[in-house]
Amino acid sequence: MDTPTQLIFALGLIVLTLILAAWQRLDLLGSVVVAAGRSILQMIVFSYILATIFIVRDPVLTLIAVLALLLVAAIVTQKQLSQRIPYLLPITLGSLFLGSSVTLGYVFTFVVQSTPWYEPRVLLPLSGLVFANAMNGAAIAGEQFIHSLSHNTQEIETHLSLGASPTIAIAPYRQAAIRAGLLPTLNALTIAGLAILPSFMGGTLLAGFDPLQAGAYQLLILFMTLLATLITLLGLLAGITQQFFTPAAQLRRW
C-alpha cells in the first residue's frame with residue numbers, strides 16, 4: 001500500500017474517534033479536528049524539510065535543524081512553567097543544551113560512531129528523541145519545583161533564619177522535583193521488555209529490523225533519555241534556584 005493510501009485510511013481513525021465522541025456526547029469535536037489538522041500540516045512540512053536535509057547532507061544545515069528542534073523544545077518547556085520567573089527561557093534552553101550535548105557527545109563518540117558524524121539520518125532522530133524526553137521531564141520537575149518554592153515560603157524562610165543555606169533549605173523540594181521529572185523515564189526502563197513494547201522498538205520492528213538489534217537500539221534510547229533528563233533537571237533547578245534567592249541568600253517571592 002502506498003503512502004497516500006495509508007494516510008487516507010489513517011484519517012479513518014480520526015473519523016471513528018469523532019463518531020465515538022459524538023455518541024458519548026463528549027465536547028471534543030473542535031479539539032480533535034484542530035489537533036488532527038495541525039498534526040497533519042506540521043508533519044507534512046516537517047517531512048519535506050527532513051527529506052531535503054537527508055538529500056543535501058550538509059553539516060551546517062543539519063546543525064541548524066538540530067538547534068531549531070532544541071529551541072522549540074525549550075520554548076514549549078518554558079511555556080509550561082511559571083511566566084513570572086525571569087530568564088526562564090535562557091535557563092531552560094541552556095539546561096536542555098547541556099543535557100543533550102553531553103549525552104549525544106558520548107553516544108556519537110563511543111556508541112554510534114557514524115560516518116560522517118553529522119549524518120542527518122542518525123543525528124536528527126537521536127537528537128529529537130533526547131530533546132522530547134528531556135523536555136517532558138523538565139516541564140514536570142520545573143513546574144513542581146516552582147510550585148513548591150512559591151507555596152512553602154514560610155518554611156524555607158524559617159530554615160534560612162536558623163542559619164541554613166538556600167541549598168539546604170530547598171533540598172526536600174529539589175529532591176522531590178527531580179524524582180518527579182525522572183519518573184516517566186524510570187517507569188519506561190522498568191517495564192521495557194515486559195508487557196509493553198517500547199515505541200522506538202516497535203517502530204524499528206515495523207521497519208524490518210532484527211528484534212535483537214531493535215532491542216539494543218531501544219536500550220540505547222532509554223539510557224540516553226535517563227542521562228540527558230537528569231543533567232537537564234540539575235541545570236534547570238539550579239537556574240530556577242538562583243532566580244528565587246538574592247545574593248544575600250534572601251528568598252524572593254514571585
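**Figure 1. Overall composition of the predicted model.** Of the 254 residues of the protein, 35% count as buried, where buried means under 20% relative accessible area, exposed over 50% and partly exposed in between, with a 1.4 Å probe and protein chains only. This is a predicted model, in which local features need pLDDT of at least 70 and side-chain atom pairs count only at pLDDT 80 or more, while totals for chains, interfaces and linings use all residues. Residues are numbered from 1 along each chain as its sequence is written, and side-chain values use heavy atoms, with hydrogens and water left out. The protein has 10 helices and 0 strands; helices (H or I, at least four residues) and strands (E, at least two) are DSSP runs, numbered from the N terminus. The order of elements from the N terminus on is α-α-α-α-α-α-α-α-α-α. Along the principal axes, the C-alpha atoms fill a box of roughly 70 × 55 × 40 Å. Of the contacts between residues at least 6 apart in sequence, 69% join residues at least 24 apart, a contact being heavy atoms within 4.5 Å.

**Figure 2. Close-up of helices H3 and H4.** Helix H3 spans residues 59-80 and helix H4 residues 88-111; their axes come within 9 Å and cross at roughly 130°. Axes are lines fitted to C-alpha atoms, for helices over the stretch in contact, and angles run from 0 to 180 degrees between N-to-C directions. H3 and H4 are therefore oblique to each other: angles under 35 degrees count as roughly parallel, over 145 as roughly antiparallel, 65 to 115 as roughly perpendicular and the rest as oblique. On the H3 side, the contact involves Leu70, Leu71, Ala73, Ala74, Ile75, Thr77 and Gln78, which meet Leu88, Leu89, Thr92, Leu93, Leu96, Phe97 and Ser100 of H4. By class, this contact of H3 with H4 holds 10 nonpolar, 4 polar and no charged residues. Ala, Val, Leu, Ile, Met, Phe, Trp, Tyr, Cys and Pro count as nonpolar, Asp, Glu, Lys and Arg as charged, and the others, Gly among them, as polar.

**Figure 3. Close-up of helices H4 and H10.** The axes of H4 and H10 come within 8 Å, with a crossing angle of roughly 150°. That makes H4 roughly antiparallel to H10. The crossing of H4 and H10 is right-handed. Residues of H4 in the contact include Leu88, Ile91, Leu96, Gly99, Val102 and Val111, and those of H10 include Leu220, Met224, Ile231, Gly235, Gly239 and Gln243. The contact of H4 with H10 divides into 15 nonpolar, 8 polar and no charged residues.

**Figure 4. Close-up of helices H2 and H5.** Helix H2 (residues 29-56) packs against helix H5 (residues 120-151) at an angle of about 140°, with the axes 9 Å apart. H2 is thus oblique to H5. Leu50, Ile53 and Phe54 of H2 make the contact with Pro120, Arg121 and Leu124 of H5. The contact of H2 with H5 has 5 nonpolar, no polar and 1 charged residue.

**Figure 5. Close-up of the aromatic pairs.** The structure holds 2 aromatic pairs. Rings of Phe, Tyr and Trp (its six-membered ring) pair if their centres lie within 6.5 Å; planes under 30 degrees apart count as stacked, over 60 as edge-to-face and the rest as tilted. The ring centres of Tyr106 and Phe110 are 5.0 Å apart and the planes stand at 50°, so this pair is tilted. Tyr106 and Phe110 are 4 residues apart in helix H4, and are therefore separated by about one helical turn. Tyr106 is partly exposed, at a relative accessible area of 48%, and Phe110 is exposed, at 57%. Trp117 and Tyr118 form an edge-to-face pair, 5.5 Å centre to centre with 85° between the planes.

Figure 6. Arg57 lies in the loop between H2 and H3 and is partly exposed, with a relative accessible area of 37%. Not counting residues up to four places away in sequence, Arg57 touches Thr115, Pro116, Tyr118, Glu119 and Pro120. The C-alpha atoms of Arg57 and Pro116 are 9.5 Å apart, at a sequence separation of 59 residues. Ala207 is in the loop between helix H9 (199-206) and helix H10 (211-244) and is exposed, with a relative accessible area of 58%. Ala207 and Ile178 are 29 residues apart along the chain, and 35 Å separates their C-alpha atoms.

Note on methods
A crossing is left-handed if the near helix is turned anticlockwise from the far one by less than a right angle, and right-handed if clockwise.
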